[in-house]
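Please look over the sequence and the model shown below before reading on. The paragraphs after them lead from a single residue to the chain as a whole.

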Amino acid sequence: MSKFNFDLDPNTPRPPAPGRYQDVMRKIVTLIIVAGVAAGAIYALKYWSTPRQAQPTEQPAPSPLPAEEAFVLPPAIEEPEEVKPVPPEVAEPVLVEPKPEPELETPVAEHPESDLPELSTGQIDLTTHPEDIIDGKGGAVPKADSELQKLFVNAGTALANRDYVQAVELCEKALARPECTQNSPLWRPVADILGKANTALALTPARAPKLKVAHKIVSGDTLDKLAAANGTTREAIQLSNNMRLDDTNIKLGFTLHIYPAKWSIEILTGEQLLLLRNGDKLFKVYDIGVGKSSLTPEGTFKIASRINNPTWYTADGREIPYGDPANVLGTRWMTLEATGTTPSVSGIGIHGTWDEKSVSQAVSNGCIRLRNSDAEELCNLVPLRTPVTIKK
């Protein structure tokens with residue numbers, strides 16, 4: 001079998017030469033390929049030469065489901081809304097009066113405000129016999145003027161309710177009435193209510209903004225300085241501010257409530273009464289014992305000393321210590337020193353007594369006797385140099 005060789009065999013037909021159309025198409029395809037390679041090279045060069053920013057690490061939030069595909073939770077049971085505390089930076093300051101803004105170290109209270117003393121009206125009966133008024137000695141007296149009786153009963157009710165300011169105001173109105181003179185049967189019952197209400201205001205933490213001054217402690221303040229500036233005693237300030245009597249420490253910035261006073265004492269030996277006044281207003285009436293055979297001197301005096309648990313120095317030179325049954329001075333002693341034209345005296349004073357039966361009697365050697373509880377109260381109220389007048 002013979003083999004064909006088109007190159008050698010001139011008679012073998014050859015494929016037709018490409019026409020113009022095919023040549024154009026080939027060029028176009030070649031151009032497209034070259035252009036694509038060039039474009040790719042340019043893009044790659046631009047991509048690698050341009051700095052790229054770091055991609056965020058957080059995952060993008062998923063797109064919400066279409067409304068028709070969203071899962072609807074069943075309604076939850078409503079619970080009380082939790083009260084969230086106010087952040088410290090936006091919390092409103094809380095005003096504390098006096099803890100109130102606590103100004104002192106927490107002391108043991110002599111008279112805590114939450115446990116103010118029970119101040120009864122004594123033998124004044126305000127409920128059992130409303131149609132009568134009972135005098136200070138327990139005896140019924142005829143019905144008084146209706147307005148005065150109303151003031152008296154309302155004052156007793158205010159005292160029982162510990163509304164001491166109201167009790168004082170009502171008693172002062174009653175004492176100002178012309179029929180309520182010192183010799184009238186109603187004067188002493190009204191004065192007793194007045195005295196109990198006044199001492200509660202002066203010697204307990206009972207608040208009385210109109211009667212007590214608020215003093216904020218500054219550098220240099222002491223209890224004795226504040227007492228002298230307000231005409232009172234260190235003990236009165238301590239009792240009025242829940243302080244122990246042996247605690248004299250006060251803190252800067254603390255507010256003390258002080259009952260200011262201008263004390264004076266009038267002693268009526270004939271009626272055996274001691275009248276304590278603050279300015280021109282009656283503060284309290286005390287029963288007293290006086291000297292036998294008019295031994296109590298008359299005149300003007302001042303309190304020269306105040307002594308707790310006194311020792312008794314007798315006229316014959318004996319020294320009897322406090323606590324000895326023979327010591328008649330009780331728990332307090334206040335020395336009286338003559339003033340003005342009154343002749344000088346020695347060994348005369350106001351003191352307590354263990355023998356309460358001697359009160360309202362003339363049995364002493366010239367001194368003025370008080371029940372121990374009354375002597376302690378009076379000593380806590382009146383400072384040194386308090387003026388004292390003694391008369392019949």
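Glutamate 235 is buried, with a relative accessible area of 13%, where buried means under 20% relative accessible area, exposed means over 50%, and partly exposed lies in between (1.4 Å probe, protein chains only). This is a predicted model, in which local features need pLDDT of at least 70 and side-chain atom pairs count only at pLDDT 80 or more, while totals for chains, interfaces and linings use all residues. Residues are numbered from 1 along each chain as its sequence is written, and side-chain values use heavy atoms, with hydrogens and water left out.

Glutamate 235 belongs to helix 6 (residues 234-240); helices (H or I, at least four residues) and strands (E, at least two) are DSSP runs, numbered from the N terminus. Apart from its neighbours within four places in sequence, glutamate 235 is in contact with Leu245, Arg306 and Asn380, contact meaning heavy atoms within 4.5 Å. Glutamate 235 also forms a salt bridge with arginine 234, with the closest N and O atoms 4.0 Å apart, and the term stands for a side-chain nitrogen of Lys or Arg within 4 Å of a carboxyl oxygen of Asp or Glu. Arginine 234, at 28% relative accessibility, counts as partly exposed.

Side chains of opposite charge can pair when their charged atoms come close. How many salt bridges does the count come to? The count comes to 15. One of these pairs joins glutamate 377 and lysine 284, whose side chains meet at 2.7 Å, N to O. Because glutamate 377 lies in helix 7 (residues 372-381) and lysine 284 in strand 7 (residues 281-287), the pair ties together parts that are 93 residues apart in sequence. Both glutamate 377 and lysine 284 are buried. Arginine 318 and aspartate 316 form a salt bridge as well, with their closest N and O atoms 3.3 Å apart, but here arginine 318 is partly exposed at 46% relative accessible area, and aspartate 316 is exposed at 56%. Salt bridges can also be linked, and a network of them connects Arg188, Asp192, Asp287, Arg371 and Asp374.

The next topic is the nonpolar core, a set of buried Ala, Val, Leu, Ile, Met, Phe, Trp, Tyr and Cys residues joined through side-chain atoms within 4.5 Å. The largest nonpolar core has 61 residues, and among them Leu276 and Leu378 touch the most other members. Helix 4 (residues 187-203) gives the most to this core, with 10 residues. A second, separate core of nine residues includes Leu223, Leu226, Phe254 and Ile258. Beyond its neighbours within four places in sequence, leucine 276 has contacts that include Trp263, Phe283, Lys284 and Leu378.

Helix 4 is mostly covered, since 15 of its 17 residues are buried. At 1.5 Å a residue, helix 4 should span 24 Å, and its end C-alpha atoms are 24 Å apart, which agrees; the expected span is 1.5 Å times one less than the number of residues.

Turning to the whole chain, there are seven helices and 16 strands, and buried residues make up 36% of the 392 residues. The chain exposes about 25100 Å², of which carbon and sulfur atoms supply 56%, accessible areas coming from the Shrake-Rupley method with a 1.4 Å probe, and for residues only the protein chains shown count as cover. Isoleucine 32, in helix 1 (residues 20-49), is exposed, with a relative accessible area of 57%.
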